[in-house]
Amino acid sequence: MLPTSAEFDQDAPIGNGRVALLFEYDGAAFHGWQQQKSGVPSVEGQLQQAVSRVANETVDLVCAGRTDAGVHASAQVVHFETQAVRSYRSWIMGVNTALRGDIAVRWAGQMADDFHARFSAISRRYRYVIFNHPVRPGILRKQVAWTFRPLDAERMHQAAQALVGEHDFSSFRAAGCQSRTPHRNVHFIRVTRHGDYVVIDIQANAFLHHMVRNIAGALMAVGNGKQPVEWIREILEQRDRRQADVTGPAHGLYLVSVGYPEGSGIPGEAPGPEFMQPWFTPEQQALVQGPVFRKQWSASE
């Protein structure tokens with residue numbers, strides 16, 4: 001969702017309260033979202049510095065969901081409090097001018113005082129992109145995962161349906177995960193092939209640390225025939241991370257949508273990243289506000 005010329009020309013002031021930003025980033029060069037004491041590059045550190053410069057005061061950012069080192073986002077959301085007042089154009093262009101090239105703000109808006117980028121969110125949606133070809137990628141090596149073993153997307157999709165609904169996802173949880181509960185509610189998961197690319201599209205109320213990458217690693221083991229379709233259900237029920245210890249590489253993962261209740265003020269946009277949007281049908285691109293457990297997706301849809 002790139003801003004239109006009309007939006008850039010709007011005069012409504014934004015600020016003197018709670019402001020939200022919607023932005024994207026290539027995570028290849030960052031040590032994740034969270035700012036590090038060691039000073040290594042982080043998305044939070046870069047964005048906080050740029051926003052503070054435009055606001056002419058130090059701001060604290062709250063994001064919808066932290067991403068790990070190497071993970072990308074096409075629709076991350078943050079909010080912050082500021083006394084500064086700027087136009088829509090000034091927030092976006094000013095922050096982007098102060099940012100490095102691999103982060104870009106796409107939208108800015110005035111929010112209600114009770115809006116919270118993290119706690120107001122009702123869903124997160126990720127896409128995991130796999131380049132499935134005998135030859136490894138060069139140009140996209142930091143934007144997609146790669147496996148030379150042929151993958152059966154239909155088998156992967158069939159196996160993935162065991163994960164839909166509310167479950168204990170201990171088998172797909174990183175050892176260092178700090179969440180108080182392993183229970184999450186997966187609204188849907190769909191695996192589709194698009195030429196040499198296989199995409200895992202998954203939405204849940206929230207995710208555990210490394211949960212999507214661990215699911216991707218397990219599904220690839222099913223897709224290449226190493227494990228049977230029933231294996232995903234079996235390891236889910238065992239609630240033991242040691243049963244599925246394959247983790248997909250970080251650079252295949254994209255945060256593509258954060259869902260909020262209607263009227264929140266955050267604009268809805270088709271899930272990205274933009275280069276893969278033509279791969280999907282309008283139904284596959286639809287924003288989903290809640291569970292769709294009864295929908296039986298097919299990998300060929």
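Predicted model: local features only at pLDDT ≥ 70, side-chain atom pairs only at ≥ 80, totals over all residues.
A search of the whole structure identifies one cavity of 30 Å³ or more. The largest cavity holds about 30 Å³ of space. Its lining is formed by Ser 74, Ala 75, Arg 106, Val 256, Glu 269, Ala 270, Gly 272, Glu 274 and Gln 277. By class, these lining residues comprise three nonpolar, three polar and three charged.

## Cysteines

The structure contains zero disulfides. Cys 63 takes part in no disulfide, and the nearest cysteine sulfur, that of Cys 177, lies 15 Å away. A disulfide requires two cysteine sulfur atoms within 2.5 Å; the sulfur of Cys 177 is therefore too far for a bond, its closest cysteine sulfur being that of Cys 63 at 15 Å.

Cys 63 counts as buried because its relative accessibility is 8%. Cys 177 is likewise classed as buried, at 14% relative accessibility.

## Aromatic contacts

Across the whole structure, 11 aromatic pairs are found. In one of them, the ring centres of Phe 80 and Trp 91 are 5.6 Å apart and the ring planes stand at 65 degrees, so the pair is edge-to-face. This pair links distant parts of the chain: Phe 80 belongs to strand β3 (residues 72-86) and Trp 91 to helix α3 (residues 88-98), 11 residues apart. Phe 80 is buried, at 0% relative accessibility, and Trp 91 is buried with a relative accessible area of 0%.

Ring pairs also join Phe 131, Tyr 197, Tyr 254, Phe 275 and Trp 279 into a cluster. In a further contact, the charged end of Arg 127 sits over the ring of Phe 280, 4.0 Å from the ring centre.

Methods: Residues numbered from 1 in each chain as written. Heavy atoms only, no water. 1 Å grid on protein atoms, 1.4 Å probe; cavity = no way out; pocket = protein on both sides within 12 Å on 5 of 7 lines; lining within 4 Å. Points joined across faces, edges and corners; volume = space filled by probe spheres on them. Nonpolar A, V, L, I, M, F, W, Y, C, P; charged D, E, K, R; others polar. Buried < 20%, exposed > 50% of the residue type's maximum accessible area, 1.4 Å probe, protein only. Phe/Tyr/Trp six-rings, centres within 6.5 Å; stacked < 30°, edge-to-face > 60°. Helix = DSSP H or I, 4+ residues; strand = E, 2+ residues; numbered from the N terminus. Lys NZ or Arg CZ within 6 Å of the ring centre and 35° of its normal.
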